[in-house]
Amino acid sequence: MEIPQQFHVCETVGWLVNHRVNSALPGYLMVGSKRFSTDLSELSEEALAELGPLLAKAQHALTHTLNAQRVYIGRYGHSPGYPIHFHVIPIYDWVEELFWRDSRYRALQNFAEPGDKDETDGAELTLFVWREFCERAEPPPVKAPSVPRAIKLLRAAMG
């Protein structure tokens, strides 16, 4: 998949960092291999050496530039046609507030252990972000810079 230039944040020899194209959540980044592979062990040593520092740089930019309260980093990639990639998902305080106000997501508490019902975790918030900010035709209101503004700020922060 060709990522339109307006979503590019930065790149290294082995990786492209871009804002997720279909996300209304400012700062939702994708770190994708430039080499088509679905297996880390098939990447060059140079690309592997770049990965840790690049993920750290993305996390730092999201927390210090966009004030993310937490940053989740996950490797997915079972979809055919995509190289190995990582989702870098900022969780802002206002995102968690929206999660708690949306009664539909209280059904997730049925899967929690007794006593854990007043807390949420990365899986629940990731699901919330995917469904509400990436898949909904009308996402919730954003209390942060717009996606284009966030991309500009992250480009400056990640150089």
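Biologist: Which residues touch the most other members of the largest nonpolar core?

Modeller: Trp15, Leu25, Leu29, Val31 and Met158, out of 46 residues in that core. Its largest share, seven residues, comes from helix 1 (residues 45–65). This is a predicted model: local features need pLDDT of at least 70, side-chain atom pairs count only at pLDDT 80 or more, and totals for chains, interfaces and linings use all residues. Residues are numbered from 1 along each chain, and side-chain values use heavy atoms, without hydrogens and water.

Biologist: What makes a set of residues a nonpolar core?

Modeller: Its members are buried Ala, Val, Leu, Ile, Met, Phe, Trp, Tyr and Cys residues, joined through side-chain atoms within 4.5 Å. Buried means under 20% relative accessible area.

Biologist: Which residues does Leu29 touch, leaving out those up to four places away in sequence?

Modeller: Among them are Val9, Val17, Ala58, Leu62, Phe86 and Met158. Contact means heavy atoms within 4.5 Å.

Biologist: Why is Asn67 called exposed?

Modeller: Its relative accessible area is 57%. Asn67 sits in the loop between helix 1 and strand 4 (70–76). Helices (H or I, at least four residues) and strands (E, at least two) are DSSP runs, numbered from the N terminus.

Note on methods: Buried means under 20% relative accessible area, exposed over 50%, partly exposed in between (1.4 Å probe, protein chains only).
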